[in-house]
Amino acid sequence: MGKRLERVAARVVFDSRGDKTVEVEVTVEGHTARAAAPSGKSRGKREVVPFPEGGPEEAVRVVRDKVVRLSGVELEGLVAFDRLLTDLDGTPNLSSIGGNTAIALSVACATAYAASEGKRLYEALSELVNEVPALPLPLSNVLGGGAHAGPGAPEIQEFLLIPLGAKTMKQAVEVNVVAYRKLGRLLQRELPDFPLGKGDEGGYAPPIGNRKALELVRAAADETSDETGVEVGVGLDVAGSNVFDPRSNRYALRSEGLYLTGPEFKEYLVDLADEFKLVYIEDPFSEDSPELYADLQRDLRSVFVCGDDLVVTRAELIEHQVGRGAIRAAIIKPNQVGTVSLTVDAVRACTAHGAVAVASHRSGETTDAYISQIAVGLGCKVIKCGLIGGERVAKLNELIRIEEEIGAGKIRRLTA
Ligand code: PGA
Ligand code: ZN
């Protein structure tokens, strides 16, 4: 028997950057759930359109004028609402209701539906995909630049830490925090005038070159491994589309005075990976150069080259790029596709092809922690959700709560 969709409501709220976004409430069989959409700043070209023309205010109007018409329908399953939403939108890129509006509605509806069965969203999702709920390893942004910081910061967008051997979620977070604080001390020693300012995702944003930044992050990771006994891995999100300058056809590392061709930049990254023992490199190149991804993955067989803008959470793109050997991991950002169902398809594509699914926040976030529920339920081995700042730690604290519910020690590993 179906479950009745009773009420849909929306409002404009603010995200961690102070930008407007949309928050919704959906009631299914007397159970109300709320969800808010995050926003990206270094977005992939193939992502769905985040908001209808007119922005978040227009998105709220669309919910009030159009989506409310769906109230009263019977939902035949956890994600049955998604089809109704995409049909109502009627465009291939969700431009009439907006991908952010859609993901908030889709998540809130699935959460309310799960609640009507006495379940949390992660439990209902894990049943849907036949996964045993377990915790993802947190991949934490501790230093950053690119589109998430001001001028003078590194061109590489994110310097990341992952506590590879952590035994519990609580320990994993604690280890990353220890490393973050050590990094702060190292930065103060290196740059006495730097007031430890931060970028959009809570990592330090120092005026420093990429190589020097990586040196300090590696040192903080090594000291932390020695002190805690938990091996800490280092990774990067290059966000290559933003480093690439199409006019000169070069990867522009201004902080180091380097202007490199694609193959030269590949060699630069291979050297960094060898020297600093990287385990993970996300979006190393422009999203239009998958052949460079494949070259890098061939050169660095033990590294997880990960696609974000390259595959934008689309199952068919993930299958294609994993199949050709361009990547061994894919970022899962539900608002890149706009529905929980398409997110499920994307994670399934990873699992089926032996790639690591990395559930991910966006640079503009709210305190909503649905990404943590999705990561646990769908079987993502890693979650990239920041470390410092209320909207970042909200995701980690949700994982600590889930750990209490499913039992300690159920933590996934970074393996293919
Ligand atoms: P965005 O970037 O959320 O600003 O798009 C995050 C990322 O590139 O991973
Ligand atoms: Zn990215």
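Me: Donors are N, O and S atoms within 2.8 Å of the metal (3.2 Å for Na, K and Ca), and water is not among the atoms, so sites may look incomplete. Which are the protein donors of the zinc ion (ligand 2)?

Reply: This is a predicted model, in which local features need pLDDT of at least 70 and side-chain atom pairs count only at pLDDT 80 or more, while totals for chains, interfaces and linings use all residues. Residues are numbered from 1 along each chain as its sequence is written, chains are lettered from A and ligands numbered from 1 in the order in which they are written, and side-chain values use heavy atoms, with hydrogens and water left out. Along the chain the donors follow the spacing D-x44-E-x25-D. Lying 2.0 to 2.2 Å from the zinc ion, they are Asp237 (OD), Glu282 (OE) and Asp308 (OD).

Me: How many residues of domain 1 are in contact with domain 2?

Reply: An automatic or database domain assignment gives domain 1 as 3-118 and domain 2 as 137-406, and their C-alpha centres lie 27 Å apart. With contact taken as heavy atoms within 4.5 Å, 31 residues of domain 2 meet a number from domain 1 that is 31.

Me: What area do domain 1 and domain 2 bury between them?

Reply: Buried area is the accessible area (1.4 Å probe) that two parts lose on being put together, summed over both. Of this area, 51% is on carbon and sulfur atoms, and the total is about 2,500 Å².

Me: Which three residues supply 25% of the area that domain 1 buries against domain 2?

Reply: The share of these three is more than that of any other three residues in domain 1's buried area against domain 2. They are Pro38, Ser42 and Arg46.

Me: How many salt bridges does the rule find across the interface of domain 1 and domain 2?

Reply: A salt bridge requires a side-chain nitrogen of Lys or Arg within 4 Å of a carboxyl oxygen of Asp or Glu. The side chains of glutamate 47 and arginine 362 meet in such a bridge, at 3.1 Å from N to O. Across the interface of the two domains, the number of salt bridges found by the rule is six.
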